[in-house]
Amino acid sequence: MDCNSLPPEGVKPFPPTGYRQLDARTDFFYGVTGITPAMAMRVPGIGSTYLWTMVDANKQPIDGAKTYKVTLPKDIPQANFWSFTLYDNMSRSMLDTPQRFPRAGSQSFPSPAAEANADGTTAVYFGPTQPANVKRGNWIQTMPDKGWFVIFRLYGRLSRSSPRPGGQARSNPFCEVANTTPRSASRFEEALQAN
Amino acid sequence: MQQFTKLVIAAFVCAIPALPQMAVAQAPIPPSISTPDKVESRLGPLEFKDGAPNGATAAKVYDHVDYTHAYNAFVNTMQGVSVAAIHKGNRR
């Protein structure tokens, strides 16, 4: 099949799962009010894939005061873009922080694109302060008194056999990072704060 | 000219909040759509931190959901079980 076109029969949603997912609608509607067929199909290069979590790798609720790190494998399987976006548990709207745009990803607007490491992996940090030696585009600010959840998006998801974040299938890649050294404010930021 | 200068200054000041680096006052979230730290319910008190349930609250609510589904399974299948029992009885 051409990687950039729909199959002749159109969108093929996943088969129904009957009573095993009775709570899925309730759970979904907690955070989401709309859906598109592109979310429910697997057409390489066209469909979109969403992964989300409210807990970290140790199954603990994500804490706004803590710092977490996710390392994405080399060759993130997307044809259009990938991104992390943070949402406030209280409003299910995007997390409201001084950073203004609670996202990191391949796109360079409205905040800089995340940069890959020398080995091709990409590390993204989530925490109240920008850790030392971490680029602006690889850090999403959080608030110590706000709980958040995160959605990872792959638009134009490529092969299903691509490596998953965290390595093994279905593992949660959100690892808490202890004692990060905050990055010192740049002169530009200091100037802005002084004004 | 002075008018024009004022306009330019006004335009510049208006543009500043668009800078991502600026700290902007955060909009309050209406309490009616948020999750309080403690909710009194028929299951007893439910406790949350920043919108996330603690372990005991999550376990309590999952038990409740399981019980609800079990109740539904019972009341929605009792009719079929009853009719099947009639058939079985008539065969004897």
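The legends below accompany close-up views of a predicted model.

**View 1. Burial and contacts across chain A.** Of the 195 residues in chain A, 26% are buried. Where contacts link residues at least 6 apart in the sequence of chain A, 70% of them join residues at least 24 apart.

**View 2. The loop of chain A that holds A:Leu158.** A:Leu158 lies between β7 (148–157) and β8 (175–177), in the loop that links these two strands of chain A. Because A:Leu158 has 16 C-beta neighbours inside 10 Å, this residue counts as partly exposed, given that a residue is buried only with 20 or more such neighbours and exposed with 12 or fewer.

**View 3. Contacts and a separation involving A:Leu158.** When neighbours within four places in sequence are left aside, A:Leu158 is in contact with A:Pro44 and A:Gly45, and also with A:Pro77, A:Gln78 and A:Ala79. A:Asp145 is 13 residues from A:Leu158 along the chain, and the C-alpha atoms of the two residues are separated by 37 Å.

**View 4. Secondary structure and burial in chain B.** Chain B has two helices and three strands, which follow the pattern α-β-β-β-α when the chain is read along its sequence. Buried residues account for 7% of the 92 residues in chain B.

Methods: Residues numbered from 1 in each chain as written. Chains lettered and ligands numbered in written order. Predicted model: local features only at pLDDT ≥ 70, side-chain atom pairs only at ≥ 80, totals over all residues. Contact = placed C-beta atoms within 7 Å. Helix = DSSP H or I, 4+ residues; strand = E, 2+ residues; numbered from the N terminus.
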